[in-house]
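This briefing concerns the structure shown below.

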Amino acid sequence: MRVLTDRLLEACGGRVSWTGTEVAGLRRDLAEAIRRVVSATASGVSRCHFIKHWRRPLSVVTIVTGDVKAHKFVMSQVWTAPQPDTFLMSNGLSSVGYGPASAIAAAMVRPNRPVVSVTGDGEFAMMVQELETIRRVRVAPLFAVLCDRSLSII
Ligand SMILES: Cc1ncc(C[n+]2csc(CCOP(=O)(O)OP(=O)(O)O)c2C)c(N)n1
């Protein structure tokens with residue numbers, strides 16, 4: 001790892017020379033590459049469509065938390081965070097249940113901000129006992145549960 005980071009540092013001279021226009025272009029190309037052609041099929045609304053368009057009705061200060069697996073791949077690529085401190089997502093080993101747990105924590109830490117947890121139906125089923133926590137600590141995050149009736153990529 002050390003060798004790799006040293007080589008990367010050497011190659012770019014420690015400077016990042018990308019312009020804002022180049023970054024915007026890369027984002028545009030990425031969005032185009034992962035854009036779903038259809039918004040829904042017989043089995044329901046596509047994750048990509050839902051996550052992309054659901055940004056609009058939420059206020060810019062809303063804190064949104066993602067969970068893990070199928071929708072994580074979409075959220076991490078297409079979600080637009082309008083300002084810092086509005087999007088929470090796990091990294092690394094990605095434990096199921098991060099979404100609801102982080103939404104509860106965010107609602108406790110930022111009681112005046114709306115908080116939304118986007119989670120899968122399998123993940124929500126594993127964390128459903130946290131509804132008791134919510135009642136006990138008196139917070140009210142909103143849960144958006146993406147129901148595909150499967151643990152899709154396990
Ligand atoms: C604590 C923990 N237990 C189990 C797993 C394995 N696991 C990964 S995703 C998942 C459930 C995913 O199902 P769902 O919520 O329906 O998500 P989908 O992929 O369908 O969006 C499980 C059990 C895990 N990552 N973390």
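**Ligand shell, sheet and helices**

Helices α4 (70–78) and α6 (121–127) each contribute at least two residues to the shell around the ligand. Helices (H or I, at least four residues) and strands (E, at least two) are DSSP runs, numbered from the N terminus. This is a predicted model, in which local features need pLDDT of at least 70 and side-chain atom pairs count only at pLDDT 80 or more, while totals for chains, interfaces and linings use all residues. Residues are numbered from 1 along each chain as its sequence is written.

**Ligand surroundings**

- The ligand is surrounded by 18 residues, and the closest are K69, A70, G120, G122 and S152; a residue counts as near a molecule or strand if its C-beta atom, placed from the backbone, lies within 6 Å of it.
- Helix α6 provides the largest share of this shell, namely three residues.
- By class, the shell holds seven nonpolar, seven polar and four charged residues. Here Ala, Val, Leu, Ile, Met, Phe, Trp, Tyr, Cys and Pro count as nonpolar, Asp, Glu, Lys and Arg as charged, and the others, Gly among them, as polar.

**The sheet**

- Four strands form an open sheet in the order β4-β3-β5-β6, with parallel pairing; two strands pair if DSSP finds at least two bridges between them.
- Its edge strands, β4 (87–88) and β6 (142–146), each pair on one side only.
- Strand β3 (residues 63–66) runs parallel to β4 and is joined to it by two bridges. V64 has F87 as its bridge partner in β4.

**Helices on the sheet and on each other**

- Helix α4 packs on the sheet, where it touches β3, β5 (115–120) and β6, and its direction makes about 135 degrees with that of β5. Contact requires C-beta atoms, placed from the backbone, within 7 Å; axes are lines fitted to C-alpha atoms, for helices over the stretch in contact, and angles run from 0 to 180 degrees between N-to-C directions.
- Helix α5 (residues 98–109) lies across β3, β4, β5 and β6 and runs at about 175 degrees to β5.
- The axes of α5 and helix α7 (residues 130–137) come within 11 Å and cross at roughly 5 degrees. Helix α5 is therefore roughly parallel to α7, a term for angles under 35 degrees.
- P100, A101, I104 and M108 of α5 meet E130, T133, I134 and V137 of α7 in this contact. Its residues divide into six nonpolar, one polar and one charged.

**Overall layout**

- The protein chain has seven helices and six strands.
- An automatic or database domain assignment divides the protein chain into domain 1 (1–34) and domain 2 (41–146). The C-alpha centres of domain 1 and domain 2 are 28 Å apart.
- Along its principal axes, the C-alpha trace of the protein chain spans about 55 × 40 × 35 Å.

Terms used: Two residues are in contact if their C-beta atoms, placed from the backbone, lie within 7 Å. Angles under 35 degrees count as roughly parallel, over 145 as roughly antiparallel, 65 to 115 as roughly perpendicular and the rest as oblique.
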